[in-house]
Amino acid sequence: MKNRTLNLLFFLAAICSFHAKVRLPALVSDGMVLQRNQDLKLWGSADAGEKITIKFINKTYNATADQNGNWNLMLPKFNAGGPYIMTINEITLKDILIGDVWVASGQSNMELPMRRLKPLYENEIKNANNHDIRFFTVPQKYNFKAPQNDLDGGKWESTDPQTILNFSGVAYFFAKELNGKNKVPVGIIHTSLGGSPVQAWMDEKSLNKYPEYLAEAEKWKNDALIQSTESQEQSVSKAWYAELDQSDIGLNQHWEKDDVNASDWKTMTVPGSWEDQEGPFDGSVWFRKEIILPKGADQKTAFLNLGRIKDADVTYINGIKVGNVTYEYPPRWYDIPKGVLKEGKNIITVRVINGSGKGQFIADKPYYLEIDGQKTDLKGEWKYKIGAKMDKMAPGQTFIRWKPVGLYNAMINPLINYKIKGFIWYQGESNTGKSKEYEDLLSTMISDWRSKWNKSDLPFFIVQLANFMEKKDVPVESNWAELREQQRQVSLNVPYTGLAVTIDLGEWNDIHPLNKKTVGDRLALQALKIGDGKKIIADGPVYQSMKIQGNKIILSFKPGTDDLVQGNLKGFAIKQKDGNYQWANAKTEGNKVIVWDDQVKSPVAVRYDWADNPDGNLKNKSGLPASPFTTEKK
């Protein structure tokens, strides 16, 4: 009886202990990086009235959970260092570093992981082994109803060849450069989502001036509407693809097999578009190419690079499926296992599905099969045959996750108790449709985020949109140029902001250019100058003022950025009074730029690199490019 009583007491004590257990937010966990040189906030929950004891670096700190079970306390400033251990009641947190913590946010160019950049940075990935660079990747969620207080998962990870594959490329190179320069740990809290507009990252109060965005946010608070919209759209989409598959004679006749008689198939040049020969249509097209491989190919693994394809593909070699991608943006990189290839004749078959717009193999991308470092070029003549033509384009989708407020509530608000050094931001492509409102939206968001973190001077560094799309022969209006100008104005008018110019880093045929190292390095220059106060040149020539002299306009640049590379310049357009812009001559003279055109007698304004995909060459001797700009007052 005595033993049973003791067991019951132990059991009750265990229950009490379980209920009294301290609960920590996802960010406060093993491997975390704490911000140096700032008072630090720790927080969590427990039973009401529970005593909280924290032991860290030889000191003890105490708090008590309030009547709602919430607790928080402040730790004093610490210098960079670690690893340390922290205990919070019965919880032990290990491998804690103190350094600089940055929030990295935006859309797909911030999200783009290192594994998508492998062709450029294979050695970087293979040799990655830096426990002083750590990432916390925020789960991609949305919530329209209320700001959330914690994240639905996530963990701190240090850098090794496996973990780096999922790290944001821009944020990784930013962190690596800062870690190398400052010799302190760097923590990145990565919270981004491809395709997201700026208003998705703003709270309701910040959008007061934008009733249409507030109405959208209010609309999607309705769970039933979300469920019915997704269900209906999935049903319509499923029906479209089912009809396509049923109609596709290539599926019915198994054109993926390598023994198909393709004597009646047409030919076209890859890269290129079959619609140039067939006229516009949505549906499926099958492609075949025969290649001859040497002896021993059947014992080799290989790598197939099919550039990019609009929209979706399923790819086979010798009748065996080797990969597929369901939408247009990702590269087609397929690892081929041993035993798929054969000595002699091999057949590559690609089924392409295009749901809207012009279907094509994207130009100026690589197309090859690689075995042991030897590449077989796949550009040139391919055979093709139409599988099915659809009467209507593929159904669209309501991207609910991009609606206003939703990402702020789920992916920003849970972070605001965590002390940070600042923000890096790569976003804007999804706002080019209404680019003239962007300066106000982004400035408002920056102010709100700073107020949420209760620090008005938190550095905020913006990646300006890169060059993209086809070049134009004459000066034209450009939403992309306008949005870059809006980004530039934010960097000029909002204190403690900086601009990483990437107008020389884009790819005309890819909204996701691969060179993310230079982007990260240029962001790091801003962080070193503005965040750390180092006396360095972090900007290319920053336009400051203009003066008209006869038929010439003379441009001046911000001192410190005006050590210009001398010579003739490209990318300038000049505007005649009561006229339009036209290409202009331009050259450097010392620290000035002179712009003119002999046909323009009364010039009033100048634009530089004002295009979707400009080719200007204005730089300073630090090697940094000038931002696109206009001298016109907004």
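Start at I420: setting aside neighbours within four places in sequence, this residue is in contact with Q35, Q38, V101, V103, I189, W453 and L458, where contact means heavy atoms within 4.5 Å. Before going further, note that this is a predicted model, in which local features need pLDDT of at least 70 and side-chain atom pairs count only at pLDDT 80 or more, while totals for chains, interfaces and linings use all residues. Residues are numbered from 1 along each chain as its sequence is written, and side-chain values use heavy atoms, with hydrogens and water left out.

I420 sits in the loop between α9 (406-412) and β23 (422-426). Helices (H or I, at least four residues) and strands (E, at least two) are DSSP runs, numbered from the N terminus. Is I420 buried or exposed? It's buried, with a relative accessible area of 1%; buried means under 20% relative accessible area, exposed over 50%, and partly exposed in between, using a 1.4 Å probe and protein chains only.

Now for the greasy parts. A nonpolar core here is a set of buried Ala, Val, Leu, Ile, Met, Phe, Trp, Tyr and Cys residues joined through side-chain atoms within 4.5 Å. The largest one has 75 residues, and M86, I189, W201, W425, L442 and W449 touch the most other members. Strand β7 (residues 91-106) gives the largest share of this core, seven residues. Take L442: leaving out neighbours within four places in sequence, L442 is in contact with V198, W425, F460, I462 and V490. Another core, of 36 residues, lies apart from that one, and its members include W102, L117, I164 and A527.

On to charges. Side chains of opposite charge can pair when their charged atoms come close. A salt bridge is counted when a side-chain nitrogen of Lys or Arg is within 4 Å of a carboxyl oxygen of Asp or Glu, and the whole structure has 37 salt bridges. One of them joins R36 to D100, with the closest N and O atoms 2.8 Å apart. That pair links distant parts of the chain: R36 is in the loop between β1 (33-35) and β2 (40-45), D100 is in strand β7, and they are 64 residues apart. R36 counts as buried at 17% relative accessibility, and D100 is buried too, at 3%.

R607 and E477 also form a salt bridge, at 3.1 Å between the closest N and O atoms. Here R607 is in strand β32 (residues 603-608) and E477 in the loop between β24 (460-463) and α11 (479-493), 130 residues apart. R607 is buried at 9%, whereas E477 is exposed at 61%. Both belong to a network of salt bridges that links E477, K575, R607 and E632.

What about a charged residue without a partner? D282, in strand β12 (residues 282-293), is buried yet has no salt bridge; the nearest side chain of opposite charge, K310, is 6.7 Å away. (Lys and Arg count as positive and Asp and Glu as negative; His and the chain ends are not counted.) K310 itself forms a salt bridge with D311, the closest N and O atoms being 3.0 Å apart. Leaving aside residues up to four places away in sequence, D282 touches N354, G355, S356, G357, A388, K389, M390, K392 and M393.
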